[in-house]
Amino acid sequence: MTTTIRVLIADDQMMVRQGFTVLLNAEPDIEVVGQAVDGADAIDQVAELAPDVVLMDIRMPGVGGIEATRRLTEPAGATVKILVLTTFDLDEYVYEALRAGASGFLLKDASADELAHAVRVVAAGDALLAPNITKRLIGEFSRVSAAVPRGPLRERVGDLTERETEVLTLIAQGLSNAEIAARLVVAEQTVKTHVSRILFKLGLRDRTQAAVFAYETGLVRPSAF
């Protein structure tokens, strides 16, 4: 039996909310359970409706998407996944949204297929970090990470095994578990085990936070691409 993915759409533009609702409700395994007009409304509705995924606009009046994302993902045991929405792929706030706990981002002009795929990817616990998206973020990762003290972060990298460090680097480059398995010539289940251990050792929530961590520690640099 297919599990239905419950989605909440948070955007201050009614046409965006309604358009995405129509597109997603046409999918057999996705149901839009609510619409929020801003970040504060999204926080309240998540508590009431318990969606699996929130499509969160970054720029909203009052409590914006970044702050709402932070509040929704910070509590221990938080399970809701955040997919941030932006008009431009180089939006200056995308990086901060990922740091705040978002699992990925999506352009508002995405096709119906791209939208549904993004929701499924994020709901499954994966990061929406395709290589082309990762490359567009490199500049921002690099600019911001230059101002981050790397000493304490580097010490945490030292807790990883050589193989785990290698897997972390590939995660940050946007590779899926299957792609990492092929690159390292190991079973996909082995990669999943490595990913779980990496997240546990570094105290991170998901693959997206792992990617951010890799950039901020300097483990992955623009020259790697």
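A nonpolar core is a set of buried Ala, Val, Leu, Ile, Met, Phe, Trp, Tyr and Cys residues joined through side-chain atoms within 4.5 Å, where buried means under 20% relative accessible area and exposed over 50% (1.4 Å probe, protein chains only). The structure is a predicted model, in which local features need pLDDT of at least 70 and side-chain atom pairs count only at pLDDT 80 or more, while totals for chains, interfaces and linings use all residues. Residues are numbered from 1 along each chain as its sequence is written, and side-chain values use heavy atoms, leaving out hydrogens and water.

The largest nonpolar core has 24 residues, of which A10, V54, M56, I82 and V84 touch the most other members. Two or more residues come from each of β1 (5-10), α2 (39-49), β3 (53-57), α3 (65-73), β4 (81-86) and α4 (94-100); helices (H or I, at least four residues) and strands (E, at least two) are DSSP runs numbered from the N terminus. The most is given by α4, with five residues. A second, separate core of 23 residues includes L175 and V195.

The helix α2 can now be followed in detail. Its buried residues are G39, A42, Q45 and V46. Seen down the axis of α2, they fall within an arc of 120 degrees (taken from the directions from the helix axis to the C-beta atoms), so they line one face of the helix. These buried residues pack against β1, β2 (30-36), β3 and α3, contact meaning heavy atoms within 4.5 Å. The face turned away from the buried side of α2 carries the exposed residues D44, A47 and E48. After α2 comes A50, whose phi is positive, near 50 degrees.
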